[in-house]
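Good morning, and thank you for coming. Please look at the model on the screen while I walk through a few of its features.

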Amino acid sequence: MANVLDEETGPVREEGREINVIAKQIPVQVGIGSKIFEVLLWILGIIPGLIFLLVKIKAAQYLRQLEQKLQHDASQIDNYLEQRVVILSNLAKLVDKAVKLDNETFTAIAEARSGIHSGDGNEMSATSAKIDSIGWNINRTFENYPDLRAHSEISDAIQQNSYLQKEITAAREQYNDTVNTWNREIQVWPAKMIVAAKQGYTTRIPFIASKQIKEQSTGVFF
């Protein structure tokens, strides 16, 4: 039998294709079959019904714990973002002392500070994009005044920013791993899926990079 996906004969898309995250929360739903299944367990006897009830209780506890882990992972990203805002704020002040920096940069810093610790995954992505944009604006100033990089305090701030960006990337990966676990577990039938549907749970949206950052990713950033 020939390969279903044959890299030799294609089809091949030479121009490539951009990958995007679908920002859609899908509610968990169960059909009449799940209800019939639960009723049948009770019809078969009190013991099967009680056993499945205990399984559902355990499933509900597990999903609540997983939800708390999502909050913890999101909080880790927020903590690193907050540190990065402080670093970029100091960097912006240092650069402003040497050359006039765009006032929009300082406005963006204030907006980013107010958006941290919102507790909302979508807002977290938006705040992160704002912070990345601040760094990009400062980097554009360096392009116009490359000698600024030789300033010791500015150089230290740039290194700290680079370190925090790596930590943020690692924290985002951890968050996305937990989101993936959540999205997978709430679809496990019967107990977890039935509990998730009853509680009104939906799939979670992983971290999404902004269009601006995707475009900038092909360039030089610090």
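Which residues do ring pairs link into a cluster? They are Phe 37, Phe 52 and Trp 189.

Before the details, a word on conventions. This is a predicted model, in which local features need pLDDT of at least 70 and side-chain atom pairs count only at pLDDT 80 or more, while totals for chains, interfaces and linings use all residues. Residues are numbered from 1 along each chain as its sequence is written, and side-chain values use heavy atoms, with hydrogens and water left out.

I begin with confidence. The term pLDDT denotes the predictor's confidence in each residue, from 0 to 100. The protein chain has a mean pLDDT of 86, and 91% of its residues reach 70 or more. Confidence is highest in helix H6, at 98, and lowest in helix H7 (residues 211–216), at a mean of 66. Helices here are DSSP runs (H or I, at least four residues), numbered from the N terminus. Where pLDDT is low, the predicted coordinates should not be read in detail.

Now to the rings. Rings of Phe, Tyr and Trp (its six-membered ring) pair if their centres lie within 6.5 Å; planes under 30 degrees apart count as stacked, over 60 as edge-to-face and the rest as tilted. By this rule there are three aromatic pairs. Phe 37 and Phe 52 have ring centres 5.4 Å apart and planes at 85°, so this pair is edge-to-face. Because Phe 37 lies in helix H1 and Phe 52 in helix H2, the pair ties together parts that are 15 residues apart in sequence. Phe 37 also forms a tilted pair with Trp 189, at 5.0 Å centre to centre and 55° between the planes. Trp 189 lies in the loop between H5 and H6 and Phe 37 in helix H1, so this pair ties together parts 152 residues apart in sequence.

How accessible are these residues? Buried means under 20% relative accessible area, exposed over 50%, and partly exposed in between (1.4 Å probe, protein chains only). Phe 52, at 9%, is buried, whereas Phe 37 is partly exposed at 27% and Trp 189 is partly exposed at 44%.

Finally, I turn to helix H6 (residues 191–199). Its buried residues are Ala 191, Met 193, Ile 194, Val 195 and Ala 196, and they pack against helix H1 (32–44) and helix H2 (46–98), where contact means heavy atoms within 4.5 Å. After H6 comes Gly 200, with a positive phi near 75°.

Technical notes: Helices (H or I, at least four residues) and strands (E, at least two) are DSSP runs, numbered from the N terminus.
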